Amino acid sequence: MGTRFLLALFLVLLVLGCEVQGAQLPPQDEPASLPLLAQVQESLSSYWGTAKEAAQGLYQKTYLNDMDEKIRDLYSKGSAAMSTYAGIFTDQLLTLLKGD
């Protein structure tokens, strides 16, 4: 169920990205700013990179076998909870879009 949700989200973002790229105006004298979706994608990418680097640095500082087991346990519980809630959200969204 989670794979379908991620695939649908990816396709929506892909379509929005194509629409934004297709709606660009012809070149003018002034340099055009990036489209809104490109700015959002760039911003999210930079946040993701920063968070990833911070997490890797923290992991390297606190690498212990006990800590490693705790992190794996926390990850497995968190990912199980997120997949459950993502499934519920997807079901509610599909019910809302589909109607009665």
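**Exercise 1. Find which residues of helix 3 are buried.**

Solution. Buried means under 20% relative accessible area, exposed over 50%, and partly exposed in between, with a 1.4 Å probe and protein chains only. By that rule, the buried residues of helix 3 are Asp68, Gly87 and Thr90. Helices here are DSSP runs (H or I, at least four residues), numbered from the N terminus.

A word on the model before going on: it is predicted, so local features need pLDDT of at least 70 and side-chain atom pairs count only at pLDDT 80 or more, while totals for chains, interfaces and linings use all residues. Residues are numbered from 1 along each chain as its sequence is written, and side-chain values use heavy atoms, leaving out hydrogens and water.

**Exercise 2. Check the span of helix 3 against its 34 residues.**

Solution. Start with the rule: the expected span is 1.5 Å times one less than the number of residues. Just past the helix, glycine 99 takes a positive phi of about 90°.

**Exercise 3. Locate the salt bridge and describe the exposure of its partners.**

Solution. Look for a side-chain nitrogen of Lys or Arg within 4 Å of a carboxyl oxygen of Asp or Glu. Aspartate 73 and lysine 77 form a salt bridge at 3.4 Å, N to O. Both sit in helix 3, 4 residues apart, about one turn of the helix. Aspartate 73 has 39% relative accessibility, so it counts as partly exposed; lysine 77, at 55%, counts as exposed.

Definitions and conventions: Helix = DSSP H or I, 4+ residues; strand = E, 2+ residues; numbered from the N terminus.
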